Amino acid sequence: MNRLTVSVSPHIRSGNTTQKIMLDVIIALMPALIVSIILYGFRSLLLTVISVITCVLGELIFEKLLHREVTIMDLSAVVTGILVAFNVPVDMPIWMLVVGAIAAIILGKMIFGGLGCNFMNPALVGRIVMMFSFTTAMTTYSVPAGTVDALTSATPLAVMGNLDWSNFKDLVLGIHGGVIGETCCVALLAGGIYLIIRKVIKPIIPLCYIGALMLFTWIFGGPQPILSVFAGGVFLGAFFMATDYVTSPITNWGKVIFGCFIGFITAVIRVFGNYTEGVTFAIILANILVPYINDLTRRKPVGAIVEKKGKKVKAND
């Protein structure tokens with residue numbers, strides 16, 4: 001008589017590797033990079049290349065000094081470098097960017113043991129270090145050539161109360177001041193859809209994040225709940241930072257809680273705080289809570305052995 005053998009998950013094998021996944025993320029970021037070059041010139045490309053080189057060299061040197069296995073070929077440092085560059089204005093002094101990139105790769109990743117051991121998104125660590133260390137440089141934004149209206153003279157979040165639907169096109173296309181990688185929502189959305197189609201990410205976190213942000217902005221009486229989604233770093237954060245495998249929940253219900261929490265905190269900071277943005281701090285706060293969210297939403301694997309009234313039984317008994 002044949003018997004069904006029940007074993008502990010996982011039961012699904014995949015041909016995906018870290019390198020393949022990171023390559024898909026790099027491809028998904030290319031539309032935003034191309035648009036940033038069109039809007040701000042080739043200095044956007046220069047900053048991105050320098051940031052990537054700094055992150056890769058920083059990881060390589062750190063691993064060599066500590067006699068660890070070299071992991072730069074997994075391309076995770078390249079992704080971190082691109083995201084760090086995407087979080088700075090186009091006129092950011094190069095040496096300041098280098099400081100941020102080093103902070104991202106060393107403080108945000110390598111000191112915790114490398115990829116898979118960090119509890120915060122490394123690029124956001126780099127952004128926070130630069131924000132607190134070089135506040136003026138991080139908040140002085142250039143605008144695309146030939147733009148002179150009220151929207152493009154400042155970041156949209158700084159003038160949200162004066163925005164209406166006539167500004168929608170400029171918001172979506174990124175024709176306004178801001179950091180080089182987060183202004184064009186169309187490019188970021190295209191990259192996000194690519195990642196979803198390639199099954200690199202699930203749409204749960206981005207949808208819950210964006211939906212919760214609009215809902216709580218409306219509840220709190222904030223200006224233009226829908227337009228606020230297209231301002232600041234919401235799309236970059238939703239698709240490329242909040243969905244980071246290492247620092248986001250592993251269960252679907254955990255992803256729902258995680259995305260809604262980020263949307264809630266972002267709305268609180270934007271409506272009640274002195275800081276017009278909020279995406280960075282919201283994601284990092286949520287990153288800290290991920291172990292607890294995982295524990296709250298984790299399901300018992302089929303076939304696992306658990307303790308029950310002093311004896312061991314299968315979890316599905």
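**Entry 1: ground rules**

I am working with a predicted model, where local features need pLDDT of at least 70, side-chain atom pairs count only at pLDDT 80 or more, and totals for chains, interfaces and linings use all residues. Residues are numbered from 1 along each chain as its sequence is written, and side-chain values use heavy atoms, with hydrogens and water left out.

**Entry 2: two packed helices**

I looked up helix 1 (residues 18-40) and helix 3 (residues 76-86), which pack at an angle of about 25° with axes 9 Å apart. Helices here are DSSP runs (H or I, at least four residues), numbered from the N terminus. Axes are lines fitted to C-alpha atoms over the stretch in contact, and angles run from 0 to 180 degrees between N-to-C directions. Helix 1 and helix 3 are therefore roughly parallel (angles under 35 degrees). I also noted that helix 1 passes helix 3 in a left-handed crossing (the near helix is turned anticlockwise from the far one by less than a right angle).

Which residues of helix 1 and helix 3 make the contact? From helix 1 I listed M22, V25, I26, L29, M30, A32 and L33, and from helix 3 S76, V78, V79, I82, L83 and F86; contact means heavy atoms within 4.5 Å. By class I found 12 nonpolar residues, one polar and no charged ones (Ala, Val, Leu, Ile, Met, Phe, Trp, Tyr, Cys and Pro count as nonpolar, Asp, Glu, Lys and Arg as charged, the others, Gly among them, as polar).

**Entry 3: aromatic pairs**

Rings of Phe, Tyr and Trp (its six-membered ring) pair if their centres lie within 6.5 Å; planes under 30 degrees apart count as stacked, over 60 as edge-to-face and the rest as tilted.

One of them is F220 with F264, edge-to-face, at 6.0 Å centre to centre and 65° between the planes. F220 sits in the loop between helix 9 (204-219) and helix 10 (225-229) and F264 in helix 12 (residues 252-272), so this pair ties together parts 44 residues apart in sequence. F220 is partly exposed, at 24% relative accessible area, and F264 is partly exposed at 30% (buried means under 20%, exposed over 50%, partly exposed in between, with a 1.4 Å probe and protein chains only).

**Entry 4: helix 11**

F235 and F239 both lie in helix 11 (residues 234-241), four residues apart, about one turn of the helix. Ring pairs link F168, F230, F235 and F239 into a cluster. Are F235 and F239 buried or exposed? F235 is buried at 7%, and F239 is buried at 7%. I then checked helix 11 as a whole: eight of its eight residues are buried.

Terms used:
Parallel < 35°, antiparallel > 145°, perpendicular 65-115°, else oblique.
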